[in-house]
Amino acid sequence: MSGPVAISAKGRGKSHALEITDVSKKFSVAGRQVQALSHIHLAVDEGEFVSIVGSSGCGKSTLLRLVLGLDTDYDGDIRVDGHRVERPGLDRSIVFQEHRLLPWLNVEANVAAALRQSGLSAAERGELVRDHLHLVGLDQFAKAHPAQLSGGMAQRVAIARALVTKPRFLLLDEPLGALDALTRLRLQDELQRIVRHEGTTAVLVTHDVDEAVYLGDRIVIMHPHPGRIATVLPVTAAVSRDRSDPNFIRLRDEVLSWLGVSRTGNDAGAELARRSA
Amino acid sequence: MGAGQATALSGHGDSTAGAAPTHRRIFPAAGALALGLVVPLGLLTAWTVAALLGQLPEQILPPPWIVFDTLLEGIQDGSLLSSTVTSLKRVAEGFAAGALVGLVFGTAVGLSKTLREFVDPLFLALSQVPTLGWMPIVILIVGIDEGLKIIVIGWSAFIPVVLNTSQGVRDVPEAYVELGRVLSFSRWSKLTMIVLPSAIPSIFTGLREGLANGWQTLVAVELIASFEGLGYLMAYGRQLFQLELVLSAMIVVGLIGLAFHGLLTLTENHLQRWRPETPR
Ligand SMILES: Nc1ncnc2c1ncn2[C@@H]1O[C@H](COP(=O)(O)OP(=O)(O)O)[C@@H](O)[C@H]1O
Ligand SMILES: [Mg+2]
């Protein structure tokens with residue numbers, strides 16, 4: 001692939017694809033100030049998959065909203081390729097926890113809605129929509145309405161809608177949080193395959209530690225009150241993408257202890273891993 | 001014979017199963033219609049019995065068969081038909097104008113907080129004045145011709161359409177508005193893909209109220225300033241103590257109103273056909 005060559009040729013060696021510098025965000029609720037984010041620093045490289053974990057209320061969704069450009073009232077700096085984010089744009093897509101499909105449009109039209117401002121011809125748009133419905137395995141459901149879909153299917157449509165614009169950044173805000181465990185495991189694999197296939201840079205917010213370790217190249221751990229980054233753990237090559245691998249379990253336990261959750265002592269696999277280490 | 005057919009039918013298990021969904025779809029509608037007929041038929045029966053027993057003085061409430069005869073006569077000699085056509089035309093024109101302007105104005109007011117702050121107090125005050133209260137002023141300005149009827153009917157339809165449309169537009173879920181921003185929608189896309197589809201139920205509530213208002217105003221305005229139409233027929237019948245004429249005009253007004261209402265509901269259901277079937 002010519003990817004890395006192209007990047008160095010453009011001289012993008014130093015500046016990161018996404019750079020969050022000293023970002024703080026306050027809300028005032030009923031006259032009281034709530035510090036949602038405090039001095040956030042995070043740089044994400046092209047093609048990277050970053051997982052963010054943290055208890056609820058620690059500002060994860062707020063951070064994604066700022067990156068999207070939905071809210072520009074904050075301190076600090078958020079830059080994409082060195083340009084400050086001023087407003088939402090088709091280079092940044094999001095999948096919310098709820099699918100947010102428009103109920104009056106069918107699956108196809110929901111995905112196509114993301115291309116309305118793309119300037120592409122109707123034929124090009126149709127092809128992109130078909131490709132992406134195929135990518136999430138829903139070719140058969142193009143004409144169905146959201147009310148006829150299961151939660152997992154609806155979320156796959158939302159993923160297709162987020163990717164159909166070929167965004168540079170895919171932001172995922174607990175996208176699988178509302179799904180049952182089996183569907184979630186299946187969609188994690190699907191998400192991984194799709195993001196690799198499209199070469200998208202991804203930021204995934206989740207409260208499922210397994211998911212964070214399984215999908216992320218790095219894991220950002222956040223603490224609440226005020227929302228801040230506690231640490232960033234790399235997912236090294238030694239950690240295979242096998243949920244029962246000792247290295248996987250060790251990293252998962254490390255994340256859990258950063259989150260203030262005691263290690264899973266009764267987990268035989270974890271015990272074994274620790275003894276053999 | 002009948003029993004034989006029944007066994008033959010129940011023998012075909014497959015075909016019965018295949019027909020079942022259709023039955024279920026048709027029966028609720030038919031059932032609702034049947035239930036809706038219970039009270040009117042009961043009243044009609046009571047009315048008939050009371051008339052047969054001579055309990056009702058004809059000057060107060062003529063017996064149903066006389067009303068029915070009057071209805072038939074009016075249809076045959078064309079007098080009822082031409083009144084109906086005149087009134088229908090007035091309501092259609094007034095309602096169309098009022099609803100159309102109301103939709104545009106209501107959407108604009110719903111979308112723009114500034115516009116809302118400008119017009120809300122005045123509009124609320126004006127809408128409190130009964131339509132008939134406007135009549136003397138409108139007569140002074142446009143006279144007593146067709147223009148008067150269209151304006152007054154239009155105004156009475158306009159008010160609920162504006163109120164409901166602007167409410168519906170304001171109630172668009174924030175999550176969808178945000179989605180529109182994430183997808184970089186233009187104003188037009190936002191309006192057609194998000195705001196209007198989401199406001200459909202409110203808009204149709206407004207249209208239904210507007211239509212009912214339109215009919216009521218029609219009758220009132222024809223009582224005062226007309227020499228034809230269903231409202232005029234009622235006023236005329238009352239003056240001549242021909243209550244069967246009044247009643248037959250009332251029946252026509254009621255039936256047409258019901259038909260319009262049904263038409264609006266059908267349109268709304270068609271626009272909202274994406275809705276999941278709700279358990280009854
Ligand atoms: N629009 C808002 N107005 C006021 N407070 C908000 C708003 N959005 C978020 N907050 C507050 O900011 C904090 C972080 O919220 P959020 O980013 O949703 O957390 P998370 O996604 O990590 O659960 C919470 O305390 C929340 O109450
Ligand atoms: Mg959140």
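In this predicted model, an oxygen atom of ligand 1 lies 2.5 Å from an N or O atom in the side chain of A:Thr62. On its own, ligand 1 has 560 Å² of accessible area, and the protein covers 62% of it. Two further contacts involve the protein backbone. A polar backbone atom of A:Gly57 is 2.7 Å from an oxygen atom of the ligand, and a backbone N or O atom of A:Lys60 is 2.9 Å from an oxygen atom of ligand 1.

These residues belong to a shell around ligand 1 that also includes A:Phe27, A:Val29, A:Ala36 and A:Cys58. Sorted by class, the shell holds 4 nonpolar, 5 polar and 1 charged residues. Strand S1 (18-29) and helix H2 (60-68) of chain A each contribute at least two residues to this shell. The largest share, 3 residues, comes from H2(A).

Attention now turns to the meeting of the two chains. Here 22 residues of chain A are in contact with 19 residues of chain B. Between them the chains bury about 2000 Å², 66% of it on carbon and sulfur atoms. Within chain A, the residues that lose the most area to chain B are A:Arg100, A:Trp104 and A:Arg116, together 32% of what that side buries.

The interface of chain A and chain B has 2 salt bridges, and 8 residue pairs are in polar contact between the chains, both residues being at pLDDT 80 or more. The side of chain A that touches chain B consists of 14 nonpolar, 4 polar and 4 charged residues.

Methods: Residues are numbered from 1 along each chain as its sequence is written. Chains are lettered from A and ligands numbered from 1 in the order in which they are written. This is a predicted model: local features need pLDDT of at least 70, side-chain atom pairs count only at pLDDT 80 or more; totals for chains, interfaces and linings use all residues. Side-chain values use heavy atoms; hydrogens and water are left out. A residue is near a molecule or strand if one of its heavy atoms lies within 4 Å of it. A polar contact is a pair of N or O atoms within 3.5 Å; within protein, one must be able to donate a hydrogen and the other to accept it, and residues adjacent in sequence count only if both atoms are side-chain atoms. Accessible areas come from the Shrake-Rupley method with a 1.4 Å probe; for residues, only the protein chains shown count as cover. Helices (H or I, at least four residues) and strands (E, at least two) are DSSP runs, numbered from the N terminus. Ala, Val, Leu, Ile, Met, Phe, Trp, Tyr, Cys and Pro count as nonpolar, Asp, Glu, Lys and Arg as charged, and the others, Gly among them, as polar. Contact means heavy atoms within 4.5 Å. Buried area is the accessible area (1.4 Å probe) that two parts lose on being put together, summed over both. A salt bridge is a side-chain nitrogen of Lys or Arg within 4 Å of a carboxyl oxygen of Asp or Glu.
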